[in-house]
Amino acid sequence: MAENLIESLVAQFRQNLGDTLDALGGGPVNLGELGVYLLSQVLVSLVYLGLFFGGYLVITWVARLVIGRSRAQSPAFGHATAALRYLAILGAFLAILAQFGAGAAFLTAAAKAGFMAMGFYLGWLIIGHVLRRSMARYRVDPSIRQLVENLFSVLLVTFAIATVLAQFGFDVVSIVAGLGVVGIAVGFAAQSTLSNFIAGITLLVERPFRIGDWVTINVQDGKVVKIALRTTWLRTRDNIFTMIPNDSVASSEIVNYSAEGATRLNIPVGIAYKESAQAARESIMPVLRAHPEVLQSIGFEPRVLLTSLGDSSVNLTVQAWIAPDSLDVQPRIMADILERIKEALDAAGIEIPFPHLQLFIDDAKGLKPVIEPLYPKMAQ
């Protein structure tokens with residue numbers, strides 16, 4: 001019974017497939033002949049793939065032998081092999097299309113489109129390399145370099161797509177006009193994205209911070225690692241990446257710790273009233289002069305200032321300057337300096353006050369049953 005059911009299902013499937021092919025082909029179709037035709041076409045296509053990719057492998061192997069192993073590791077050779085691989089894929093694709101009966105006009109358009117796409121890719125490599133070298137030679141800011149590279153890539157991809165579509169008979173002007181109308185509609189639907197994009201361009205032009213600066217944005221401290229057209233990327237000292245929308249960055253207060261070079265650390269230290277501020281200063285200054293991260297140049301000398309008289313301590317402020325590159329480890333430097341100051345004050349016998357609590361009991365008779373067994377003399 002199971003065999004009859006399977007045979008019935010197979011027969012029904014063949015009939016349905018045959019009816020579908022008859023409707024598409026405009027006449028009766030022999031499934032056996034169709035299967036043989038498709039199998040032969042697939043085998044011939046595999047032969048084409050083997051020929052093209054075999055030729056690619058042979059050429060690259062010979063090129064490696066000729067130029068040597070060291071030169072074969074260069075970026076130029078990598079780009080050349082990528083172009084050759086692209087040509088092999090394009091040739092195999094055109095051959096397979098021809099094998100399945102594609103027309104001469106379509107094959108010509110596909111070939112032109114393929115070669116033009118390759119030309120745009122080579123132009124992107126060459127012009128991009130020249131742009132990067134020129135901007136590096138004139139020491140253009142990294143954020144501006146990023147903006148120029150992004151705009152160049154977007155424009156080149158746009159022209160490449162328009163050129164490729166034109167080879168297949170598309171009216172590029174009509175497409176661009178249609179995209180303009182669609183762009184207006186999308187603009188109203190994506191106002192937040194567009195505002196972030198415009199804010200990103202504003203940040204790259206005004207440059208309130210640069211890549212590598214330590215900043216505070218929206219109460220978030222971090223090092224600027226990337227300024228994209230939509231977001232700004234910060235890396236915290238805990239190696240956590242934060243992406244802040246550029247619209248929020250442009251409308252918030254920005255504190256840049258790296259804009260003016262060295263940064264001053266203000267470390268509060270308290271000593272007892274009976275101690276001398278001058279003696280504490282003489283104990284702390286050698287610590288600051290000996291610390292490898294503290295700057296000692298003119299205008300950035302470390303200092304110890306008496307800033308206020310507290311309720312139970314004389315409050316000093318230790319001021320030390322550090323280089324911009326040391327901002328990555330600023331908390332560690334402050335902790336290290338504070339620890340050395342504590343050791344220096346202890347070695348000098350200078351007291352660091354801490355809160356005390358004194359309890360006076362006069363005539364607390366209610367506590368006598370508790371205190372008398374422990375302190376008989378106090379209870380009398």
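Student: Let's start with Asn239: buried or exposed?

Tutor: Asn239 counts as exposed, with 51% relative accessibility. Keep in mind that we're looking at a predicted model.

Student: OK, and where does Asn239 sit?

Tutor: Asn239 is in the loop between β3 (231–235) and β4 (241–245). Its backbone is worth a look too: the phi of Asn239 is near 60 degrees, a positive value in a residue other than glycine.

Student: Why flag a positive phi?

Tutor: Because most residues other than glycine have a negative phi.

Student: What about Val219, what's its phi?

Tutor: Val219 has a positive phi of about 60 degrees, and it isn't a glycine either. You'll find Val219 in the loop between β1 (214–217) and β2 (220–227). Val219 is exposed, at a relative accessible area of 82%.

Student: Zooming out, how many helices and strands does the protein chain have?

Tutor: The protein chain comes to 13 helices and eight strands. It has 380 residues, and buried ones make up 27% of them.

Student: And what share of the contacts joins residues at least 24 apart?

Tutor: That's 60%, taken among contacts between residues at least 6 apart in sequence.

Student: Switching to helices. At what angle do α4 and α5 pack?

Tutor: Helix α4 (residues 75–99) and helix α5 (residues 104–137) pack at about 170 degrees, and their axes are 10 Å apart. An angle over 145 degrees counts as roughly antiparallel, so that's what α4 is relative to α5.

Student: Which residues make that contact?

Tutor: On the α4 side they include His79, Tyr86, Leu90 and Leu97. From α5, Phe106, Ala110, Gly114, Met118 and Tyr121 are among them.

Student: How many of the contact residues are nonpolar, polar or charged?

Tutor: The contact of α4 with α5 has 16 nonpolar residues, two polar and no charged.

Student: Next up, Thr317. Which strand is it in?

Tutor: Thr317 lies in strand β8, residues 314–322. With a relative accessible area of 15%, Thr317 is buried, because the cut-off for that is under 20%.

Student: What does Thr317 touch, leaving out residues up to four places away in sequence?

Tutor: Thr317 touches Asn266, Ile267, Arg303, Val304, Leu305 and Thr307. With Thr307 there's a polar contact between the two side chains, at 3.2 Å.

Student: How far apart are the C-alpha atoms of Thr317 and Gly270?

Tutor: They're separated by 8.5 Å, with Thr317 and Gly270 being 47 residues apart along the chain.

Student: Last topic: how many aromatic pairs are there?

Tutor: The structure holds two aromatic pairs. One of them is Phe300 with Trp321, which is edge-to-face, at 5.1 Å centre to centre and 80 degrees between the planes.

Student: Where are Phe300 and Trp321?

Tutor: Phe300 is in the loop between α10 (277–290) and β7 (303–309), while Trp321 is in strand β8. They're 21 residues apart, and the pair links distant parts of the chain.

Student: And how accessible is Phe300?

Tutor: Phe300 is partly exposed, with a relative accessible area of 28%.

How values were computed:
Residues are numbered from 1 along each chain as its sequence is written. This is a predicted model: local features need pLDDT of at least 70, side-chain atom pairs count only at pLDDT 80 or more; totals for chains, interfaces and linings use all residues. Side-chain values use heavy atoms; hydrogens and water are left out. Axes are lines fitted to C-alpha atoms, for helices over the stretch in contact, and angles run from 0 to 180 degrees between N-to-C directions. Helices (H or I, at least four residues) and strands (E, at least two) are DSSP runs, numbered from the N terminus. Angles under 35 degrees count as roughly parallel, over 145 as roughly antiparallel, 65 to 115 as roughly perpendicular and the rest as oblique. Contact means heavy atoms within 4.5 Å. Ala, Val, Leu, Ile, Met, Phe, Trp, Tyr, Cys and Pro count as nonpolar, Asp, Glu, Lys and Arg as charged, and the others, Gly among them, as polar. Buried means under 20% relative accessible area, exposed over 50%, partly exposed in between (1.4 Å probe, protein chains only). A polar contact is a pair of N or O atoms within 3.5 Å; within protein, one must be able to donate a hydrogen and the other to accept it, and residues adjacent in sequence count only if both atoms are side-chain atoms. Rings of Phe, Tyr and Trp (its six-membered ring) pair if their centres lie within 6.5 Å; planes under 30 degrees apart count as stacked, over 60 as edge-to-face and the rest as tilted.
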